[in-house]
Amino acid sequence: QVQLVESGGRLVQAGGSLRLSCIASGNTLGDYALGWFRQAPGKEREFVALMSVIGDRTTYADSVKGRFTLSRDRAKNTLLLEMNNLTPKDSAVYYCAACPAWKYYSGDYLLPNEYDYWGQGTQVTVSS
């Protein structure tokens, strides 16, 4: 079992920055790559970023590459998503998610159904 709890979402102006946190826990946490998805109203949930179990590999969606940075504080079991130069298109509910480690290395990590565990989500709203 893995538990994921997100925080940090809020209203921010375009061009601003925001940091989301995901506290991860559970007795099988070491078997999972951790990352983020987002879902805007009326749209499908989309992949944002993913980090491998040992942190040697990170993948970003093209839409956020160069603006978002994923990191992990292992001492606190926390996944951090630093978001810079935000635009209204980044407005969405952001979800922390856990994907079996082997799926990341096999390339099966872009779709929500590849993920076993989800947080409750945190709302990010970017005003123009």
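This is a short walk through one predicted model, from a sheet to the core and then to the salt bridges.

Okay, some ground rules. Residues are numbered from 1 along each chain as its sequence is written, and side-chain values use heavy atoms, with hydrogens and water left out. Since the model is predicted, local features need pLDDT of at least 70 and side-chain atom pairs count only at pLDDT 80 or more, while totals for chains, interfaces and linings use all residues.

Let's start with a sheet. When I say strand, I mean a DSSP run of E with at least two residues, numbered from the N terminus. Two strands pair if DSSP finds at least two bridges between them. With that in hand, we have an open sheet of four strands, in the order β1-β3-β8-β7, and the pairing is antiparallel. Which strands sit at the edges? Those are β1, residues 3-7, and β7, residues 68-73, each of which pairs on one side only. On average, neighbouring strands here are turned by 20° against each other, direction ignored; the axes behind that angle are lines fitted to C-alpha atoms, and angles run from 0 to 180 degrees between N-to-C directions.

Now zoom in on β7. Its antiparallel partner is β8, residues 78-83, and the two share six bridges. If you want to follow the pairing by eye, Ser71 has Leu80 as its bridge partner in β8, and Arg72 stands opposite Leu79.

Before the next bit, a word on burial: buried means under 20% relative accessible area, exposed means over 50%, and partly exposed is in between, using a 1.4 Å probe and protein chains only. In a regular strand the side chains alternate between the two faces of the sheet.

Asn77 counts as partly exposed, because its relative accessibility is 32%. There's another asparagine like this to look at: Asn85, in the loop between β8 and β9 (92-100), has a positive phi of about 50° although it is not a glycine. Asn85 has 47% relative accessibility, so it counts as partly exposed.

On to the inside. A nonpolar core here is a set of buried Ala, Val, Leu, Ile, Met, Phe, Trp, Tyr and Cys residues joined through side-chain atoms within 4.5 Å. The largest one has 38 residues, and those with the most contacts inside it are Leu4, Trp36, Leu81, Met83 and Tyr94. Several elements give two or more residues to it, including β3 (18-25), β4 (32-39), β5 (46-51) and β11 (122-127). Which strand gives the most? That's β9, with six residues.

Take Tyr94 as a landmark. Contact means heavy atoms within 4.5 Å. Leaving aside neighbours within four places in sequence, Tyr94 touches residues that include Leu20, Trp36, Phe68, Leu81, Met83 and Val124.

Last stop, the charges. How many salt bridges does a search of the whole structure find? Six, counting a side-chain nitrogen of Lys or Arg within 4 Å of a carboxyl oxygen of Asp or Glu. One of them joins Arg19 and Glu82, at 3.7 Å, N to O. Arg19 lies in strand β3 and Glu82 in strand β8, so this pair ties together parts that are 63 residues apart in sequence. Both ends are partly exposed, Arg19 with a relative accessible area of 47% and Glu82 with 29%.

Then look at Arg38. Its side chain meets Asp90 in a salt bridge at 2.9 Å, N to O. The pair links distant parts of the chain, with Asp90 in the loop between β8 and β9 and Arg38 in strand β4, 52 residues apart. Both Asp90 and Arg38 are buried. Salt bridges that share partners join Arg38, Glu46, Arg67 and Asp90 into one network. The Glu46 link to Arg38 comes in at 2.6 Å, N to O, and Glu46 is partly exposed, with a relative accessible area of 35%.
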